[in-house]
Amino acid sequence: MFEWIKKKINRKINSEMDGCIIQNYNFIHMVQAKRFALHEDIDDEIFDSLSKVLYSTEQIDKSKKAGEDFTPKENDALLKMNKYCRDVWTGYFKQSAMNFDKEFSSEELAIEKNETNVF
């Protein structure tokens with residue numbers, strides 16, 4: 001019985017961490033678009049920190065095989081990076097914390113959605 005509970009908890013945690021990865025990607029791609037496509041002035045320190053978040057998120061994402069559990073260290077890192085993205089959203093961009101999940105869905109990558117609508 002305990003094995004069943006453990007598997008259920010791990011599936012939930014993995015789902016949440018996959019969501020953090022997607023949200024991090026979506027948020028950072030939005031910031032990159034603001035800076036490079038829309039030519040908005042984004043603070044260099046924040047942009048550099050978000051670039052590090054992107055790199056670390058990619059490393060964790062690429063290291064995972066389908067169905068593989070995240071390690072506690074990876075969980076902590078993803079949650080910390082996601083919190084940083086949320087803090088930039090509320091502190092730097094002065095947006096509502098309640099809107100972060102609406103704007104940066106953890107369901108799918110925004111880039112994939114946009115690429116499928118190009119044609």
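**Close-up views of a predicted model**

**View 1. Helix α2 against helix α3.** I46, S49, L50, V53, S56, T57, I60 and S63 of α2 meet E74, A77, L78, M81, Y84, C85 and V88 of α3. Contact here means heavy atoms within 4.5 Å. By class, this contact has 10 nonpolar, four polar and one charged residues. Ala, Val, Leu, Ile, Met, Phe, Trp, Tyr, Cys and Pro count as nonpolar; Asp, Glu, Lys and Arg count as charged; the others, Gly among them, count as polar. α2 spans residues 44-63 and α3 spans residues 72-91. Helices are DSSP runs (H or I, at least four residues), numbered from the N terminus. The two pack at an angle of about 150 degrees, and their axes are 10 Å apart. Axes are lines fitted to C-alpha atoms over the stretch in contact, with angles from 0 to 180 degrees between N-to-C directions. α2 passes α3 in a left-handed crossing. Left-handed means that the near helix is turned anticlockwise from the far one by less than a right angle.

The model is predicted: local features need pLDDT of at least 70, side-chain atom pairs count only at pLDDT 80 or more, and totals for chains, interfaces and linings use all residues. Residues are numbered from 1 along each chain as its sequence is written, and side-chain values use heavy atoms, leaving out hydrogens and water.

**View 2. Helix α1 against helix α2.** The axes of α1 and α2 come within 10 Å and cross at roughly 145 degrees. This crossing is left-handed. On the α1 side, the contact residues are I21, N24, Y25, F27, I28, H29, V31, Q32, R35 and F36. They meet D44, F47, L50, V53, L54, T57, E58 and D61 in α2. The contact of α1 with α2 has 10 nonpolar, four polar and four charged residues.

**View 3. The aromatic cluster around F27.** Ring pairs link F27, W89, Y92, F93, F100 and F104 into a cluster. Rings of Phe, Tyr and Trp (its six-membered ring) pair if their centres lie within 6.5 Å; planes under 30 degrees apart are stacked, over 60 edge-to-face, and the rest tilted. The count comes to nine aromatic pairs. F27 and W89 have ring centres 6.4 Å apart and planes at 85 degrees, so this pair is edge-to-face. F27 lies in α1 and W89 in α3, so the pair ties together parts that are 62 residues apart in sequence. F27 is buried, at 0% relative accessible area. Buried means under 20%, exposed over 50%, and partly exposed in between (1.4 Å probe, protein chains only). W89 is also buried, at 7%. F27 also pairs edge-to-face with F104, at 5.2 Å centre to centre and 85 degrees between the planes. F104 sits in the loop between α4 (100-103) and α5 (110-116), so this pair ties together parts that are 77 residues apart in sequence. F104 is buried at 4% relative accessibility.

**View 4. N26 and the backbone of S105.** N26 is found in helix α1, residues 2-37. At 7% relative accessibility, N26 counts as buried. A polar atom of the N26 side chain lies 3.2 Å from the backbone oxygen of S105.

**View 5. E16 and Q95.** E16 is found in helix α1. E16 counts as partly exposed, at 39% relative accessibility. The C-alpha atoms of E16 and Q95 are separated by 23 Å. Along the chain, E16 and Q95 are 79 residues apart.

Notes:
Polar contact = N/O pair within 3.5 Å; in protein donor to acceptor, adjacent residues only side chain to side chain.
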